[in-house]
Amino acid sequence: MVEAISCGGVVIFRGKILLLYKNYKNRYEGWVLPKGTVEEGEEHRETAIREVKEETGADATIVKYIGKSSYTFSTYNDVVSKDVHWFLMMGESFYSRPQKEEYFCDSGYYKYHEAYHLLKFPNEKQILENAYSEYLSLKKAKLWGTKRY
């Protein structure tokens, strides 16, 4: 078994959530949150910001850490056990551009209920629930967008 660590972000701009649509040779298809592998010497926060930028073209800042998801999957020669560290992030605009090299063919911002139903994986739905609940709490306390969290 191989262990892997990734980091990603739930990017919110004006109440909408940034998603990516991946289609890998018609074998892996669906809407996901942006995330990717931690590079050597990189902090988790740095990975999350870099991966969001690389996969979506979006500029975003981290608001807070919102949790970890774990899952396993099989490759041709091994089983991979992956932990993904997630951050609530504030987007700077509605701009997004899917990274074609990673087989992303669409991206965009969606209302919470749309995003929740579009997401392919249950663990990402749970992370979205946690992140959006935190977003609503910060917004209610008039802290969203103030850099005073």
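Me: Which residues does Ile12 touch, not counting residues up to four places away in sequence?
Reply: Happy to start there, with the reminder that this is a predicted model. Ile12 is listed among the residues with the most contacts inside the largest nonpolar core. Leaving out residues up to four places away in sequence, its contacts are Ile17, Leu88, Met89, Met90, Gly91, Tyr132, Tyr135 and Trp144.

Me: How many residues does the largest nonpolar core have, and which element gives the largest share of this core?
Reply: The largest nonpolar core has 24 residues, and Val10, Ile17, Leu19, Leu33, Leu88 and Trp144 are among those with the most contacts inside it. Strands 1, 2, 5 and 6 each give two or more residues to this core, as do helix 2 and helix 3. With six residues, the largest share comes from helix 3.

Me: Where is Glu124 placed, and is Glu124 buried or exposed?
Reply: Glu124 belongs to helix 3. Its relative accessible area is 3%, and the cut-off for buried is under 20%, so Glu124 is buried.

Me: Which residue has its backbone nitrogen 2.8 Å from a polar atom of the Glu124 side chain?
Reply: Not counting residues up to four places away in sequence, Glu124 touches Val32, Leu33, Lys35, Trp86 and Leu119. One of these contacts involves a backbone nitrogen, lying 2.8 Å from a polar atom of the side chain of Glu124. That nitrogen belongs to Leu33.

Me: Which residues are linked in a network of salt bridges?
Reply: The structure holds eight salt bridges. Arg50 meets Glu42 at 2.7 Å, N to O, and Arg50 also meets Glu51 at 2.9 Å, N to O. The network of salt bridges links Glu39, Glu42, Arg50, Glu51 and Glu54.

Me: Are Glu42, Arg50 and Glu51 buried or exposed?
Reply: The cut-off for buried is under 20% relative accessible area. Glu42 has 18% relative accessibility, Arg50 has 16%, and Glu51 has 8%. By that cut-off, therefore, Glu42, Arg50 and Glu51 each count as buried.

Me: How many residues apart are Lys68 and Asp83, the pair that links distant parts of the chain?
Reply: The side chains of Lys68 and Asp83 meet in a salt bridge, at 3.9 Å from N to O. Lys68 is in strand 5 and Asp83 is in strand 6, and the two are 15 residues apart.

Me: What are the relative accessibility values of Lys68 and Asp83?
Reply: Lys68 counts as partly exposed, and Asp83 counts as partly exposed too. The values are 48% for Lys68 and 24% for Asp83.

Me: How many disulfides does a search of the whole structure find?
Reply: Two cysteines are worth a look here. Cys7 is buried at 0% relative accessibility, whereas Cys105 is partly exposed at 40%. As for disulfides, the number found in a search of the whole structure is zero.

How values were computed. Residues are numbered from 1 along each chain as its sequence is written. This is a predicted model: local features need pLDDT of at least 70, side-chain atom pairs count only at pLDDT 80 or more; totals for chains, interfaces and linings use all residues. Side-chain values use heavy atoms; hydrogens and water are left out. A nonpolar core is a set of buried Ala, Val, Leu, Ile, Met, Phe, Trp, Tyr and Cys residues joined through side-chain atoms within 4.5 Å. Buried means under 20% relative accessible area, exposed over 50%, partly exposed in between (1.4 Å probe, protein chains only). Helices (H or I, at least four residues) and strands (E, at least two) are DSSP runs, numbered from the N terminus. Contact means heavy atoms within 4.5 Å. A salt bridge is a side-chain nitrogen of Lys or Arg within 4 Å of a carboxyl oxygen of Asp or Glu. A disulfide is a pair of cysteine sulfur atoms within 2.5 Å. A polar contact is a pair of N or O atoms within 3.5 Å; within protein, one must be able to donate a hydrogen and the other to accept it, and residues adjacent in sequence count only if both atoms are side-chain atoms.
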